[in-house]
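Here are some notes to read alongside the model. Please keep the 3D view open while you go through the points.

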Amino acid sequence: MSKSTDIAALFDQYIMHTYAPSVTLVRGHGCKVWDADKKAYLDFTAGIAVQNVGHCHPKVVKAVQEQAAALMHCSNLFYSPNAALLAQRLAKMSLGGKSFFCNCGATANEAMVKLARLYGHDKGRFEVITMLNSFHGRTLGMIAATGQTKVQKGFDPLPLGFVHAEFNNLESVKALVSGRTVAVMVEAVQGEGGVLPATKEFMTGLRALCDAHDLLLLCDEIQCGMGRTGAWFGWQKSGVKPDAFTLAKAVASGVPMGVLVAGPKLADVFTPGTHASTFGGNPLACAAAMATLDVIEEEGLLRRAEEAGKLLREGLQAFVDKYDQVVEVRGEGLMLGLVVEGAAKEVVNTCREMGLLCCVAGEHVVRFVPPLNVKDDELEEGLDMIGDALDQLYGGGEAEKDD
Ligand SMILES: *Cc1c(COP(=O)(O)O)cnc(C)c1O
């Protein structure tokens with residue numbers, strides 16, 4: 001028995017079966033991770049779009065170590081410099097306004113919806129229009145917000161106040177606007193729903209619709225934010241500004257953190273007692289987030305996400321051209337999906353055997369979200385392994401396209 005299988009057995013015995021993990025990881029550096037038996041993998045999951053600056057970036061590690069030794073947590077009864085400085089920085093780089101800190105994506109979205117409800121309350125407006133195939137988290141509220149029945153099944157009755165429109169279909173959103181509507185909530189690039197970017201027309205159309213009906217435009221940037229698309233935030237790509245947006249995943253490089261950033265219109269809607277989080281904005285998470293922002297800036301990782309994304313996209317496109325069973329490459333920047341006819345899971349499993357970690361986004365989409373500072377040779381190595389995996393699954397003459 002290997003060390004990895006021992007750990008897997010222990011894990012499966014004592015941890016609830018909400019996941020189906022594969023290898024046992026114990027160490028990471030940059031774009032590489034190692035399992036408990038010292039086997040190395042190239043990691044194109046990056047902790048599911050969390051390690052945007054790479055695993056254990058020395059600057060982030062140092063910031064966390066120093067802050068851990070100084071003050072890890074002090075509660076929201078007291079002022080904390082890191083939280084103030086981080087919020088100032090986020091305001092300056094996005095909407096102006098103010099931030100609320102919490103601990104994960106779902107709770108950031110909960111905060112955003114609560115903020116919208118409080119804003120609309122006196123006018124009797126509470127309903128949020130979200131998109132089909134969206135993903136907003138796993139709290140009761142956010143499974144109701146999420147436009148996928150698979151996350152809702154078995155958990156009814158669901159909280160009220162959400163209706164679902166078709167993504168990239170402005171008319172379908174318009175049709176749902178009523179006197180109850182307070183906001184429209186959207187991912188600039190749907191992540192879990194299959195790595196699908198919103199069109200520019202859709203985003204500008206939503207902004208205009210919201211302006212016309214005094215609705216709030218809310219963006220869930222939890223997966224597509226923090227440089228992933230080549231811009232700090234996915235909404236910047238379409239040139240529209242939301243009224244508020246949420247961050248989590250990559251914001252603190254793996255130290256749990258969620259952020260709600262609200263522009264001036266919503267910045268002062270919460271007042272003392274209306275919302276709270278014990279760990280939210282604690283010095284440790286804020287130090288990790290500040291270091292993460294520093295690294296993205298100092299290493300020019302927005303531009304790198306574009307460049308690396310282009311290389312990876314070209315490499316993946318070659319597989320679309322080669323195999324009938326590979327349908328399409330889609331996504332934005334370094335958030336890419338390879339659409340296959342068969343089960344995406346098969347591709348993910350075969351890639352892992354070759355030494356490359358990637359993940360699924362829905363049944364037929366293989367998702368690639370490597371660290372933004374992935375090197376050219378790592379991209380090439382990864383593409384070689386994807387090629388070998390596809391060849392093993394789909395190769396064999398007949399299926400290959402003639403041209
Ligand atoms: C991951 C994700 C969430 C949920 O974040 P958690 O930290 O798991 O609660 C919400 N929205 C989007 C777009 C995500 O990708």
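1. A word on terms comes before anything else: helices (H or I, at least four residues) and strands (E, at least two) are DSSP runs, numbered from the N terminus. This is a predicted model, in which local features need pLDDT of at least 70 and side-chain atom pairs count only at pLDDT 80 or more, while totals for chains, interfaces and linings use all residues. Residues are numbered from 1 along each chain as its sequence is written, and side-chain values use heavy atoms, with hydrogens and water left out.

2. Pro157 is joined to Asp156 by a cis peptide bond, with omega at about 5 degrees.

3. Although Ala46 is not a glycine, it has a positive phi of about 45 degrees.

4. Two strands count as paired if DSSP finds at least two bridges between them. Strand 1 (residues 25–29) and strand 2 (residues 32–35) are joined by 4 bridges in the antiparallel sense, and Leu25 stands opposite Asp35. There are 2 residues between the strands, and Gly30 takes a positive phi near 60 degrees.

5. Which residues are around the ligand? They are Cys104, Gly105, Ala106, Asn109, Phe135, His136, Gly137, Glu187, Asp220, Ile222, Gln223 and Lys249, where near means that a heavy atom of the residue lies within 4 Å. Helix 5 (residues 105–120) gives the most to this shell, with 3 residues. By class the shell has 4 nonpolar, 5 polar and 3 charged residues; here Ala, Val, Leu, Ile, Met, Phe, Trp, Tyr, Cys and Pro count as nonpolar, Asp, Glu, Lys and Arg as charged, and the others, Gly among them, as polar.

6. A ligand nitrogen atom is 3.1 Å from a polar backbone atom of Phe135. A backbone N or O atom of Gly105 lies 2.8 Å from a ligand oxygen atom, and an N or O atom in the side chain of Gln223 is 2.8 Å from an oxygen atom of the ligand. On its own the ligand has 380 Å² of accessible area, of which the protein covers 81% (Shrake-Rupley method, 1.4 Å probe).

7. An open sheet of 7 strands runs in the order 4-12-11-10-7-5-6, with mixed pairing. Strand 4 (98–102) and strand 6 are at the edges with a single partner strand each, so one side of each has no neighbour in the sheet. On average, neighbouring strands here are turned by 20 degrees against each other, direction ignored. Within this sheet, strand 11 (residues 244–247) and strand 12 (residues 258–262) form an antiparallel pair over 4 bridges, and Ala244 has Ala262 as its bridge partner.

8. What is the strand order in the open sheet of 4 strands? The order is 13-14-17-16, and the pairing is antiparallel. Its edge strands are strand 13 (326–332) and strand 16 (359–360), each pairing on one side only. Strand 16 and strand 17 (residues 365–368) are linked by 2 bridges, and Cys359 has Arg367 as its bridge partner.

Methods:
Polar contact = N/O pair within 3.5 Å; in protein donor to acceptor, adjacent residues only side chain to side chain. Axes fitted to C-alpha atoms, helices over the stretch in contact; angles between N-to-C directions.
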